[in-house]
Amino acid sequence: MSIGVPDDVVGRVRASLAARGVAVTDSAVVAVLAEHGVVRSQHEVLGLAAALRAELVGAGPLEPLLRDPQVTDVLVNGPDQVYVDRGDGLESTDLRFADGAAVRALAVRLATACGRRLDDAVPWVDAGLPDGTRVHAVLPPLAPDGPLLSLRVLRRRAFGLDDLVTAGAVPGEVLPWLLRLVRGRTSFLVTGGTGVGKTTVLAALLSAVPPAERVVLVEDTPELQPAHPHVVRLVARAANVEGVGAVGLDVLVRQALRMRPDRLVVGEVRGAEVVDLLAALNTGHEGGCGTVHANSSADLPARLEALGTAAGLDRAAVHSQLASAVQVVVHLARAGPRRRLAELAVVAAHDGWVQVVPALVHGPDGRVREGPGVGLLASRLGEP
């Protein structure tokens, strides 16, 4: 540790505090150091207490990275391979663990803090910490080179659409269209690959919802943080160690419909909940929205086909429901390391099958061009 205290002293303090079952406070650390005849400066004592708190109840050596307001992801590929994403793509850090066992110990402790099990019998976990940080870990033998740990950081700051324009993620000329999309109660889906900012953009769009409306969020883990005065959320529950007690998003969508939502929002559509969401948006719940993983806006129908048919709908039923449930697609992509809104598109049915037609395309050169669906988009969004 880089706190000026030898590792053997750290170990003795850790063991003494654990044996007593007391919290890691400054006074407790001072008391243990005194018992061992170790005298340290106030600065060293505070550093030791902070390091032990991080190790025993926080994210250990990863704690400084998680506190960095620019960091969105922390990835541990092994004891000497720790990467972060500060918005410009992955970059290596000089942080190191003692060995693979230390990575495993941290992963197990974080899983326990999530109320989940992680061991040889259950060698992977995908869960959320109380502060909203998403934890994913895989142990050997599924990860043959050693334990893998991925942390997705929930930032409490709620970005508005103006913030995204300032950051260059949303072109200024598209902003009026997005405001019309939200205020006109148009149903939409935000699509894109992993880590392109779907949750950030959806939260910004929800922040533009009129304050008199009630927004009900349904999520797998609590990630959406819209700046809106009337937000309630439902969060799915995983099965316990006995394999029972799971509550999925499909159940929560049905519960949300009984909560008088003005806006029904599914944080990420990736399973059977697609059936209930499409049904809800077809029964008078205007302005509903969510996110879906898709490589392009044109891939959305195929993606929902796969989800819908797995949940019991046939292909024709998926397209019929989609055609009347969702009107607009907001697609995000990466331009090099940067994330950006790449396209506004419209959902259109032809001979019973749905296609997604580009309306406004934000090219890699930064220019916004009109696509063949711009007229249909304008008619659906109404007057500016």
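L206 touches V215, L217, L224, P226, H228, V265 and C289, leaving aside residues up to four places away in sequence; contact here means heavy atoms within 4.5 Å. The structure is a predicted model, in which local features need pLDDT of at least 70 and side-chain atom pairs count only at pLDDT 80 or more, while totals for chains, interfaces and linings use all residues. Residues are numbered from 1 along each chain as its sequence is written, and side-chain values use heavy atoms, with hydrogens and water left out.

L206 also belongs to the largest nonpolar core, which has 37 residues; L178, F188, L206 and L377 have the most contacts inside it. The largest share of this core, 6 residues, comes from helix 8 (residues 198-207). A second, separate core of 30 residues includes A236, L249, L281 and V347. A nonpolar core is a set of buried Ala, Val, Leu, Ile, Met, Phe, Trp, Tyr and Cys residues joined through side-chain atoms within 4.5 Å. Buried means under 20% relative accessible area, exposed over 50%, and partly exposed in between (1.4 Å probe, protein chains only). In soluble globular proteins, nonpolar side chains tend to be buried together.

A charged residue, D262, may be considered next. D262 lies in the loop between helix 9 (249-256) and strand 10 (263-266); helices (H or I, at least four residues) and strands (E, at least two) are DSSP runs, numbered from the N terminus. D262 counts as buried because its relative accessibility is 16%. Its side chain reaches the backbone nitrogen of R214 at 2.7 Å and makes a polar contact with the side chain of R260 at 2.9 Å. A polar contact is a pair of N or O atoms within 3.5 Å; within protein, one must be able to donate a hydrogen and the other to accept it, and residues adjacent in sequence count only if both atoms are side-chain atoms. The side chains of D262 and R260 also meet in a salt bridge (2.9 Å, N to O), that is, a side-chain nitrogen of Lys or Arg within 4 Å of a carboxyl oxygen of Asp or Glu. R260 is exposed, with a relative accessible area of 56%. Not counting residues up to four places away in sequence, D262 touches R185, A212, E213, R214 and E286.

E286 lies in the loop between helix 10 (273-281) and strand 11 (289-293) and R185 in the loop between helix 7 (175-183) and strand 7 (188-192), so the pair ties together parts that are 101 residues apart in sequence. Both residues are partly exposed, E286 at 47% relative accessibility and R185 at 23%. R185, E213, R263 and E286 are linked in a network of salt bridges. The structure holds 18 salt bridges.

Another of these salt bridges joins R270 and D220, with the closest N and O atoms 2.2 Å apart. R270 lies in the loop between strand 10 and helix 10, and D220 in the loop between strand 8 (215-219) and strand 9 (231-235), so this pair ties together parts that are 50 residues apart in sequence. R270, at 34% relative accessibility, counts as partly exposed, as does D220 at 29%.

D220 is also one of the residues lining the largest cavity, among them R134, T199 and E219.

Key: 1 Å grid on protein atoms, 1.4 Å probe; cavity = no way out; pocket = protein on both sides within 12 Å on 5 of 7 lines; lining within 4 Å.
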